[in-house]
Amino acid sequence: MSLELINPDDLPIPEMYTQVVVATGSKLVFVSGQQPEDVHGKLVGHGDFAAQARLAFGNLGRALSAAGARPEQVCKITIYIVDYDRDEHVPIIEDAQVSLFGDHKPANVVVGVAIMSPGYLIEVDAIAVIDEAVRP
């Protein structure tokens, strides 16, 4: 699997993501939105955005692993946030994202939403590309 990360000269260079990701491989992994829930499906961190962000990204990592994918094979994530406030939420998202991805910066989209299930503040989904010929 190969990811070519491109930040074109005529676009701003983002700190936490890459403007364009070209992925080649033979297996696509689509991970459903991961929420801040424990193994029993119960919300964790009611009212605490940072705790919810850490758990949502942690759950994303566990879902990727179950499919045989590694975080560095993720080419795109989408982050949904209730009542999104860039100044408040971006530093928290960055910390949670780095805890899973390290220096890897997949393409991403942050979507502000009005509401999710009561108490839920964040959800994260992903797309990864794996080369079947190269096993982790």
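Modeller: I will take helix 2, residues 86–101, whose buried residues are H89, I93, A96, Q97, L100 and F101. Buried means under 20% relative accessible area, exposed over 50%, and partly exposed in between, with a 1.4 Å probe and protein chains only. An α-helix has 3.6 residues a turn, so residues three or four places apart point the same way. On the other side of helix 2, the exposed residues are D87, D95 and S99.

A word on the source. This is a predicted model, in which local features need pLDDT of at least 70 and side-chain atom pairs count only at pLDDT 80 or more, while totals for chains, interfaces and linings use all residues. Residues are numbered from 1 along each chain as its sequence is written, and side-chain values use heavy atoms, with hydrogens and water left out. Helices (H or I, at least four residues) and strands (E, at least two) are DSSP runs, numbered from the N terminus.

The buried residues of helix 2 pack against helix 1 (49–66), strand 4 (74–82) and strand 5 (107–113); contact here means heavy atoms within 4.5 Å.

Now the two ends. In the loop between strand 4 and helix 2 sits D83, a residue other than glycine with a positive phi, near 50°. D83 counts as exposed because its relative accessibility is 55%. At the start of helix 2, D85 has a side-chain oxygen within 3.1 Å of the backbone nitrogen of D87. That is a polar contact: a pair of N or O atoms within 3.5 Å, where within protein one must be able to donate a hydrogen and the other to accept it, and residues adjacent in sequence count only if both atoms are side-chain atoms. After helix 2 comes G102, with a positive phi near 60°.

Helix 2 also gives the most to the lining of the largest pocket, with 6 residues. About 370 Å³ of space lies in that pocket. Of the 15 residues that line the largest pocket, M16, Y17, R86, V90 and E94 are the closest to its centre. Strand 5, like helix 2, supplies at least two residues of this lining. By type, the lining has 9 nonpolar, 2 polar and 4 charged residues. Ala, Val, Leu, Ile, Met, Phe, Trp, Tyr, Cys and Pro count as nonpolar, Asp, Glu, Lys and Arg as charged, and the others, Gly among them, as polar. A pocket is an open set of points on a 1 Å grid over the protein atoms alone, with protein on both sides within 12 Å along at least five of seven lines, and lining residues have an atom within 4 Å of a point. Grid points are joined across faces, edges and corners, and the volume is the space filled by probe spheres set on the points.

One more residue concerns a packing partner. Helix 1 holds Q52, which counts as buried because its relative accessibility is 0%. A polar atom of the Q52 side chain lies 2.8 Å from the backbone nitrogen of L121. Leaving out residues up to four places away in sequence, Q52 touches a set of residues including P36, H46, Y120 and L121.

Methods. On a 1 Å grid over the protein atoms alone, a cavity is a set of points where a 1.4 Å probe fits but cannot get out, and a pocket is an open set with protein on both sides within 12 Å along at least five of seven lines; lining residues have an atom within 4 Å of a point.
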